[in-house]
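Please prepare a careful report on the structure shown below, with the cut-offs behind each term stated where the term is used.

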Amino acid sequence: YANLLGHVQKGCDRGQQSHTVHPRRVDALSNHRIVSVACAQHHTCATDDLGNLYTWGNGNAGELGTPASASGGEVYQPFPKRVPTLRRVVAVAAAETHTVAIVLP
């Protein structure tokens, strides 16, 4: 279950609040061509074919890469949000309290 696919005690998309053992589409990304996904225990990352990075889940340590999570404190982003400071992302990895992205110059 990976703690609800990256979200301890919370759903993996808007409106989902229960466990699932089967993969399910993340509706917020249905208009994007997702080419890679990285999952950690508390957050998830996805990149699209245009090099955009989307993150969601728990961002208490700044791992979501968004201004709200970079300031620290309790942050939960229940649905994917594009990381505005990164473009041309070619790879992403996620771990317990961090995310690493490789970007083209």
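In which loop is N52 found? N52 lies in the loop between strand 2 (43-48) and strand 3, where helices (H or I, at least four residues) and strands (E, at least two) are DSSP runs numbered from the N terminus. This is a predicted model, in which local features need pLDDT of at least 70 and side-chain atom pairs count only at pLDDT 80 or more, while totals for chains, interfaces and linings use all residues. Residues are numbered from 1 along each chain as its sequence is written, and side-chain values use heavy atoms, with hydrogens and water left out.

The chain has two helices and six strands, and from the N terminus on its elements run α-β-β-β-α-β-β-β. Of its 105 residues, 36% count as buried, a term that stands for under 20% relative accessible area, with exposed meaning over 50% and partly exposed in between (1.4 Å probe, protein chains only). Contact means heavy atoms within 4.5 Å, and residues 24 or more positions apart account for 39% of the contacts in the chain with a separation of 6 or more.

N52 counts as buried because its relative accessibility is 9%. Not counting residues up to four places away in sequence, N52 touches A46, T47, R82 and R87. With the side chain of R87, the side chain of N52 also makes a polar contact at 3.0 Å; such a contact is a pair of N or O atoms within 3.5 Å, and within protein one must be able to donate a hydrogen and the other to accept it, residues adjacent in sequence counting only if both atoms are side-chain atoms.

T47 is also the bridge partner, in strand 2, of S36. Strand 1 (residues 34-39) and strand 2 run antiparallel and are joined by five bridges, where two strands pair if DSSP finds at least two bridges between them. The two strands form a hairpin with three residues between them.

| Residue | Relative accessibility |
|---|---|
| N52 | 9% |
| L64 | 2% |
| C45 | 0% |

L64 is placed in the loop between strand 3 (53-58) and helix 2 (67-70). The C-alpha atoms of L64 and V83 are separated by 7.6 Å, although these residues are 19 residues apart along the chain.

A search of the whole structure finds zero disulfides, a disulfide being a pair of cysteine sulfur atoms within 2.5 Å. The sulfur of C39 is too far for a bond because the closest cysteine sulfur, in C45, is 7.9 Å away.
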